[in-house]
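Thanks for coming, everyone. I'll take a few minutes on one structure. Have a look at it first.

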Amino acid sequence: MTTVRIPAGWPASEEQARAVQDELRERVVLDEPGPPPGTGRVTGVDVAYDDERDIVVAAAVVLDAVTLDVVAEATAVGQVSFPYVPGLLAFREIPTVLAALDALPCAPGLVVCDGYGLAHPRRFGLASHLGVLTGLPTIGVAKNPFTFSYEEPGARRGSASPLLADSPTGTEEVGRALRTRDGVKPVFVSVGHRVNLDNACAHTLALTPKYRLPESTRRADSLCRRALQEATP
């Protein structure tokens with residue numbers, strides 16, 4: 001497990017963090033399709049916290065996109081690098097997630113975050129932030145719709161409906177509610193970086209042959225929880 005220090009110059013205030021978001025958001029690439037679904041490698045990233053000790057553990061798990069078998073995995077542990085502020089949660093996690101990705105012995109391919117990309121109050125969630133910093137194609141697959149509205153998609157697997165946000169010009173599609181299991185609550189997919197929304201949804205369906213959440217997320221969640229137990233005996 002890699003041990004991470006808070007980077008020098010890391011934002012220490014909400015104002016500084018928002019300024020970083022404003023700068024990096026301009027670098028998000030939204031006009032690339034991304035890797036074809038069901039090919040290459042897909043990496044899930046997730047984090048777990050020990051709030052009493054102010055520790056965060058990140059896990060990165062690489063899957064073969066065809067078989068969904070684990071190809072490689074890595075973990076990192078560090079100090080929580082920013083206070084809890086809604087809309088700025090990436091600043092608590094990014095240094096440790098980057099360290100876990102850097103510790104992988106192979107290229108991660110598409111990165112799937114347990115959270116948001118464009119579907120974010122400032123249109124720059126963890127998936128977008130991570131994508132810009134690494135240059136990797138990224139998507140966010142979240143368990144809930146955050147503050148955004150949507151119509152319930154059809155009951156069958158693969159049904160989807162727009163995830164909508166208010167904007168100065170009306171409403172804006174920031175992601176999709178996607179049904180990954182028949183009759184089960186949808187997940188909420190958004191683009192992070194260098195992937196379009198159609199492919200983000202197709203990747204999510206390819207990663208959910210049995211369960212509501214992507215295998216990438218399930219494996220990373222399990223690994224980071226185990227690693228947290230090891231880091232905080």
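A definition to start. By nonpolar core I mean a set of buried Ala, Val, Leu, Ile, Met, Phe, Trp, Tyr and Cys residues, joined through side-chain atoms within 4.5 Å. Keep in mind that this is a predicted model.

Now the core itself. The largest one has 31 residues. Which of them touch the most other members? Val45, Val97, Leu101, Cys113 and Leu130. Several elements give two or more residues here: β2, β3, β4, α2, β5 and α3. Helix α2 gives the most, with 7 residues. As a general point, nonpolar side chains in soluble globular proteins tend to be buried together.

Take cysteine 113. Set aside its neighbours within four places in sequence. Cysteine 113 then contacts Val45, Leu126, Ala127, Leu130, Ile139, Gly140 and Val141. There is another core, apart from the largest one, with 29 residues. Its members include Ala48, Leu110, Val141 and Val189.

Next, strand β2. Of its 10 residues, 8 are buried. β2 runs antiparallel to β3, and 10 bridges join the two. One of the pairs is aspartate 50 with isoleucine 55 in β3. The two strands make a hairpin, with 4 residues between them. In that turn, aspartate 54 has a positive phi of about 60°. With β5, β2 runs parallel, through 4 bridges. There, valine 42 stands opposite leucine 110.

Now the annotated positions. Which residues does the UniProt "binding site" annotation cover? Asp46 and Asp114, and the entry is unreviewed. They are spread over 69 residues of sequence, yet they cluster in space, with a largest C-alpha distance of 6.1 Å. Both Asp46 and Asp114 are in the lining of the largest pocket.

Start with aspartate 46, in strand β2. Why does aspartate 46 count as buried? Because its relative accessibility is 8%, and the cut-off for buried is under 20%. Beyond four places in sequence, aspartate 46 touches Val57, Ala58, Ala59, Asp114, Thr217, Ala220, Asp221 and Cys224.

Aspartate 114 sits in the loop between β5 and α3. Its relative accessible area is 23%, so aspartate 114 is partly exposed. Again leaving out residues up to four places away, aspartate 114 touches Val45, Asp46, Val141, Lys143 and Thr217. With lysine 143 there is also a side-chain polar contact, at 2.8 Å.

Definitions and conventions
Residues are numbered from 1 along each chain as its sequence is written. This is a predicted model: local features need pLDDT of at least 70, side-chain atom pairs count only at pLDDT 80 or more; totals for chains, interfaces and linings use all residues. Side-chain values use heavy atoms; hydrogens and water are left out. Buried means under 20% relative accessible area, exposed over 50%, partly exposed in between (1.4 Å probe, protein chains only). Contact means heavy atoms within 4.5 Å. UniProt positions are given in the numbering used here, feature names are shortened, and annotations may be inferred rather than shown by experiment. On a 1 Å grid over the protein atoms alone, a cavity is a set of points where a 1.4 Å probe fits but cannot get out, and a pocket is an open set with protein on both sides within 12 Å along at least five of seven lines; lining residues have an atom within 4 Å of a point. A polar contact is a pair of N or O atoms within 3.5 Å; within protein, one must be able to donate a hydrogen and the other to accept it, and residues adjacent in sequence count only if both atoms are side-chain atoms. Two strands pair if DSSP finds at least two bridges between them.
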